[in-house]
Amino acid sequence: MQSVALAVAEAVAAEPSRDAADGHVAAVSAEPVTAARSRVAADGHVAAVSADGVTRRYGEGETAVDALRGVSLSVARGELVAVMGPSGSGKSTLLHILAGLDKATSGEAYIGGRAVSGLDDEGLTSLRRRKVGFVFQFFNLLPMLSAEQNVALPLKLAGEEIDRGWVDEVIGKVGLSDRREHRPAELSGGQQQRVAIGRALITRPSILFADEPTGNLDSKAGREILELLRSCVAEYGQTILTVTHEPRVCTVADRILILADGLIVRELDHVSSGEVRSAIDALER
Ligand code: ADP
């Protein structure tokens with residue numbers, strides 16, 4: 001196993017490339033971790049995404065809300081991790097901070113070992129455009145663009161040359177080869193979410209964040225989307241962190257982190273969807 005010191009040096013010295021992907025399983029540290037250690041997954045490699053004692057307070061004084069109260073986690077490259085928890089437990093806040101869309105009040109989030117708070121505006125734009133991909137509950141596709149144009153949009157926005165072969169591969173991967181000319185209004189919900197996943201993959205992001213990706217889909221389409229996410233991990237070594245209310249995520253996730261009142265209170269793996277449902281129900285009662 002690579003030493004922790006070496007892995008930290010790698011994280012600090014240079015942004016690691018996707019080729020360094022290892023696909024091993026990381027741990028959520030139940031114990032306090034040092035800032036350096038939090039960047040390292042359990043296997044000693046630089047984590048794809050991690051958090052070290054992240055807090056987020058909205059507002060001030062008596063009306064202040066502590067949405068996150070000290071969250072530390074580490075997701076290894078090639079891992080699919082689901083974050084679940086009751087409404088208001090801080091899931092969206094956590095996702096936004098990890099993705100550089102919001103700032104932690106204290107603590108730090110890291111993408112590929114790089115502190116997100118240390119990025120300037122240019123660095124943040126690059127992070128959002130190239131390093132992270134997003135999938136949302138309501139797809140957020142541009143209605144006037146075809147499926148293919150929506151998929152290729154991030155490359156256009158980043159001013160990159162469009163690699164036709166890669167666009168074709170991604171469209172095939174998400175199962176839309178025969179729908180590429182269709183506009184979103186001409187596609188089912190499941191197909192629209194496939195377009196959104198293609199759009200998220202097209203920049204070969206270090207990590208794909210999904211916020212309730214099955215929340216607006218029927219049961220069958222939801223299951224297919226979960227399977228598609230899993231196959232992105234299997235085929236591309238894609239790292240995925242998803243927030244979800246869907247207990248069946250246990251069929252595709254390596255681990256499930258349960259968030260309650262701004263803290264990770266449990267980690268589940270190798271559990272049935274019934275056990276996931278019970279764990280969430282117990283917190284909601
Ligand atoms: P979840 O995604 O688990 O439903 P959120 O992260 O959306 O939880 O919210 C966590 C807590 O932070 C909730 O109490 C919510 O009301 C509060 N909160 C979220 N966003 C804001 C905001 N912009 N201003 C004030 N409070 C907020």
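The model is predicted: local features need pLDDT of at least 70, side-chain atom pairs count only at pLDDT 80 or more, and totals for chains, interfaces and linings use all residues. Residues are numbered from 1 along each chain as its sequence is written.

**Overall**

- The chain has eight helices and 10 strands. Both are DSSP runs numbered from the N terminus: helices are H or I with at least four residues, strands are E with at least two.
- The chain holds 285 residues, and 42% of them count as buried. Buried means 20 or more other C-beta atoms within 10 Å of the residue's own, with C-beta atoms placed from the backbone.
- Of the contacts between residues at least 6 apart in sequence, 69% join residues at least 24 apart. A contact needs C-beta atoms, placed from the backbone, within 7 Å.

**Ligand shell**

- The residues around the ligand are Y58, G59, V65, A67, G85, S87, G88, S89, G90, K91, S92 and T93.
- By class, the shell has three nonpolar, eight polar and one charged residue. Ala, Val, Leu, Ile, Met, Phe, Trp, Tyr, Cys and Pro count as nonpolar; Asp, Glu, Lys and Arg count as charged; the others, Gly among them, count as polar.
- Strand 2 (65-75) and helix 2 (91-98) each give at least two shell residues. Helix 2 gives the largest share, three residues.

- Four strands form an open sheet in the order 2-1-4-5, with antiparallel pairing. Strands pair if DSSP finds at least two bridges between them.
- Strand 2 and strand 5 (114-115) are the edges, and each pairs on one side only.
- Strand 4 (residues 106-111) pairs with strand 5 over two bridges, in the antiparallel sense. Y110 has A115 of strand 5 as its bridge partner.
- Helix 2 packs on this sheet and touches strand 1 (49-58), strand 2 and strand 4. The direction of helix 2 makes about 120° with that of strand 1. Such angles run from 0 to 180 degrees between N-to-C directions, using lines fitted to C-alpha atoms, for helices over the stretch in contact.

**Helix 6**

- Helix 6 (residues 189-201) is mostly covered, with 11 of its 13 residues buried. Among them are V195, I197 and L201.
- These buried residues pack against strand 6 (132-135), helix 4 (147-157), helix 5 (164-173), strand 7 (207-211) and helix 7 (219-236).
- At 1.5 Å a residue, helix 6 should span 18 Å, which agrees with its end C-alpha atoms being 18 Å apart. The expected span is 1.5 Å times one less than the number of residues.

Technical notes
A residue is buried if 20 or more other C-beta atoms lie within 10 Å of its own, exposed if 12 or fewer, and partly exposed in between; C-beta atoms are placed from the backbone. Two residues are in contact if their C-beta atoms, placed from the backbone, lie within 7 Å. A residue is near a molecule or strand if its C-beta atom, placed from the backbone, lies within 6 Å of it.
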